[in-house]
Structure formats: structure tokens, C-alpha cells
Amino acid sequence: MYVPSQETFVDVLDKAYRHWTGQGLPAPAHLDAQQRLAWLHSDAPYSLLAHDGGADPRFTYVNECALQCFKYPRDSFIGMPSRFSASALDRAARQRLLEQVTANGIADGYSGWRVDAHNQPFMIHAGVVWTLLDDAGQPCGQAALFWPDEQRIGVLA
């Protein structure tokens with residue numbers, strides 16, 4: 001079974017983000033293509049996540065910033081149903097957001113509560129959720145970008 005590298009996952013997220021927004025994921029301009037993908041995975045000051053397109057979607061990708069926010073080991077996070085990223089009280093709002101993305105391809109400006117591995121709530125800011133597309137242009141999941149610190153939205157350094 002082929003297991004894509006983290007950079008391959010990031011490239012899929014980046015291409016789909018570009019499809020919906022007309023620009024790539026935020027990153028320093030001086031990086032070459034490979035450095036950029038590595039930076040998005042390891043050093044981005046915002047969280048990147050993705051889940052598959054199943055009926056009960058499971059996480060397929062998480063960057064380092066998101067791992068710090070959710071406080072899960074990577075091996076536990078990947079494969080976990082993405083609904084567990086929100087508390088039971090916040091799952092209905094999360095589901096409405098995902099339905100909006102399914103209908104429109106993208107939704108932005110989202111802020112809301114999520115829960116970490118210890119069931120502690122944390123706020124996400126300036127969230128963008130978009131539909132991932134396979135090589136044939138068909139939906140194959142969804143990805144999200146959010147900023148964990150409202151004071152640092154848009155700051156890449």
C-alpha cells in the first residue's frame with residue numbers, strides 16, 4: 001500500500017486551496033517549492049488538517065501546529081473520526097460548517113471551540129475549510145486552516 005509523504009499531503013491541500021481561493025496557502029515568499037511544503041508541515045504558525053470523504057470522516061493529515069493545539073500524538077490523531085475534534089456541544093455547529101463547504105467548496109472566517117486530547121476546550125480563529133479534489137477534480141475530503149492565536153492571524157514569522 002502506498003503511503004504518501006507528509007509533503008505530498010500538504011501539496012494536495014495547497015493545490016485545492018489554490019483552486020478555491022486563487023492563491024496558495026500562506027507561506028514566506030522566499031522559500032522554494034520543496035522548502036515551502038516542508039515549512040507548511042513543520043513550521044507554519046497556523047494549523048492544517050484534513051479528513052477523508054467518508055460518512056464519518058477520519059483525519060488523514062495534521063501539521064505540527066495542529067498537533068500542538070490538539071495535544072495528540074500523530075499516530076493517534078491520524079485515523080481518528082474528525083467529529084471528535086469538537087465537543088459534543090459544538091458538533092452541530094461544526095457539521096453545519098462542513099455542509100456549507102460541501103455545498104460551496106469553501107467557507108472562511110470561522111471561529112469556534114475545539115477540544116484537545118484531554119477534553120480541554122480551545123478557540124480556533126479565522127478558520128478556512130475547503131473541499132479537497134483528486135486528480136480527476138472530484139471531491140475526496142476536506143481540509144482546514146485555523147489560527148490558534150487571534151493576535152497572530154496572518155503573521156508568518
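The largest cavity holds about 230 Å³ of space. The model is predicted. Within it there is 1 cavity of 30 Å³ or more.

What surrounds that space? The lining of the largest cavity is made up of 21 residues, and the closest to its centre are Leu49, Arg94, Arg114, Val129 and Ala144. Strand β5 gives the most, with 5 residues. By class, 14 of the lining residues are nonpolar, 5 are polar and 2 are charged.

Now turn to the sheet. Strands of a sheet pair through backbone hydrogen bonds, in either the parallel or the antiparallel sense. Here the sheet is open and has 5 strands, with antiparallel pairing. Their order is β2-β1-β5-β4-β3. Strands β2 (59-62) and β3 (106-115) form the edges, each pairing on one side only. From one strand to the next, the twist averages 30°.

Strand β1 covers residues 47-52, and strand β5 covers residues 139-147. These two strands pair in the antiparallel sense over 6 bridges. His51 stands opposite Gln142 in β5.

Which strands does α5 lie across? Helix α5, residues 91-104, lies across β1, β3, β4 (121-133) and β5. Its direction is at about 160° to β3.

Definitions and conventions
Residues are numbered from 1 along each chain as its sequence is written. This is a predicted model: local features need pLDDT of at least 70, side-chain atom pairs count only at pLDDT 80 or more; totals for chains, interfaces and linings use all residues. Side-chain values use heavy atoms; hydrogens and water are left out. Two strands pair if DSSP finds at least two bridges between them. Helices (H or I, at least four residues) and strands (E, at least two) are DSSP runs, numbered from the N terminus. Axes are lines fitted to C-alpha atoms, for helices over the stretch in contact, and angles run from 0 to 180 degrees between N-to-C directions. Contact means heavy atoms within 4.5 Å. On a 1 Å grid over the protein atoms alone, a cavity is a set of points where a 1.4 Å probe fits but cannot get out, and a pocket is an open set with protein on both sides within 12 Å along at least five of seven lines; lining residues have an atom within 4 Å of a point. Grid points are joined across faces, edges and corners, and a volume is the space filled by probe spheres set on the points. Ala, Val, Leu, Ile, Met, Phe, Trp, Tyr, Cys and Pro count as nonpolar, Asp, Glu, Lys and Arg as charged, and the others, Gly among them, as polar.
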